[in-house]
Amino acid sequence: NGQENRQQFLRSQWFGECYQNQSSFPLYQPSYISFERLFRLTIPMFSRRSLFSLILPSILASLSRLAIGFSPYVHNLPLNSRKLRRHHLSQTEDDNIDWINLVPDRGVQKIIIEEGSGDIYPSGSVISIDYKGSIVASDWTVNEVLTCWLSEQQGLDHLAEKFQDLQVDGKKLNDLEYFTEDFVRDELGLQAKIASKKLVMAAKRLVKTTTDENEYPLPGSLFDSNECYEITLGKGKVIQGMEVGLISMKKGEKAKIKIRSDYGYGGEGCRKRNGDILVPPFATMCFEIELK
């Protein structure tokens, strides 16, 4: 029993776990365990006085360093997975692929997974698609901060030039040690106390949409999926980013379409009829689509 328990523990540590969201769609994230740790867990099966136990650590340490070289996005993952840690490994791989910009401001981008063999459907066509939609992490540039976020803050458009001068991109905006009331007052020049406090609170709410797993679907979460879903192109029945993506696809094509919030659900997000949040405010989405 003791050996079986140990083997079960090692399997769970080595292969990670598979979690399911409300749509019962499993998203997998492996855990990483070093060869040295594997040695510490298995060495009680051998005599510590044996020659085997003396040379095994050196062998395993060498193998561990070699494995790290071939596992750039796995070896840094923590061993203890949490309920909502559901990022696709393919999302990491996508970061190393050049996205095709479907609009000049890169608000809608595409990666072709499988080329289509048919024609592009004209406006007015009724098409059928299979799709899965996920929340993905945003990597806003300064201009995207202005377009997606600052434009939603009522009466503060005059701060755009300061945002540009100080290069306030998504990373700085989400750094609450950087984006403080002092920064807003002294650097952005917003002297009105209530206005500066409201702006900082808006930044805190933005951060919360990507960190509070109890209230929001976090990046990596699947929020919608469907098969043989029919859409009439050009009728405005889907969000703008989806329309832009679909009119770029050929029959039979499989692709990923990444949609920034201003081409999606904007600062309001999207809720179910019962009030539950489906897509958080300002969320970037990625759809995996097959056009029938």
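Predicted model: local features only at pLDDT ≥ 70, side-chain atom pairs only at ≥ 80, totals over all residues.
Zooming out, β4 and β7 belong to an open sheet of six strands, ordered β3-β4-β7-β10-β5-β6, with antiparallel pairing. The edges are taken by β3 (100–101) and β6 (222–232); each has a single partner strand, so one side of each goes without a neighbour in the sheet.

Now for the aromatics. The whole structure holds nine aromatic pairs, and two of them look like this:

| Pair | Centre to centre | Angle between planes | Type |
|---|---|---|---|
| Trp140 and Phe282 | 6.4 Å | 85° | edge-to-face |
| Phe179 and Phe183 | 5.6 Å | 50° | tilted |

Trp140 sits in the loop between β5 (126–136) and α5 (142–149), while Phe282 sits in the loop between β9 (277–279) and β10 (284–291), so their pairing ties together parts 142 residues apart in sequence. Trp140 and Phe282 are both buried.

Phe179 and Phe183 are both buried too. They also belong to a cluster that ring pairs build from Trp149, Phe163, Tyr178, Phe179 and Phe183. Another ring, that of Trp99, has Lys258 over its face, at 4.5 Å from the ring centre.

How confident is the model? Average pLDDT for the protein chain is 76, and 67% of the residues score at least 70. Two stretches stay under 50: residues 2–54, with 82 contacts beyond four places in sequence, and residues 60–92, with 54 such contacts.

Technical notes. Residues numbered from 1 in each chain as written. Heavy atoms only, no water. Pairing = 2+ DSSP bridges. Helix = DSSP H or I, 4+ residues; strand = E, 2+ residues; numbered from the N terminus. pLDDT = per-residue confidence, 0-100. Contact = heavy atoms within 4.5 Å. Phe/Tyr/Trp six-rings, centres within 6.5 Å; stacked < 30°, edge-to-face > 60°. Buried < 20%, exposed > 50% of the residue type's maximum accessible area, 1.4 Å probe, protein only. Lys NZ or Arg CZ within 6 Å of the ring centre and 35° of its normal.
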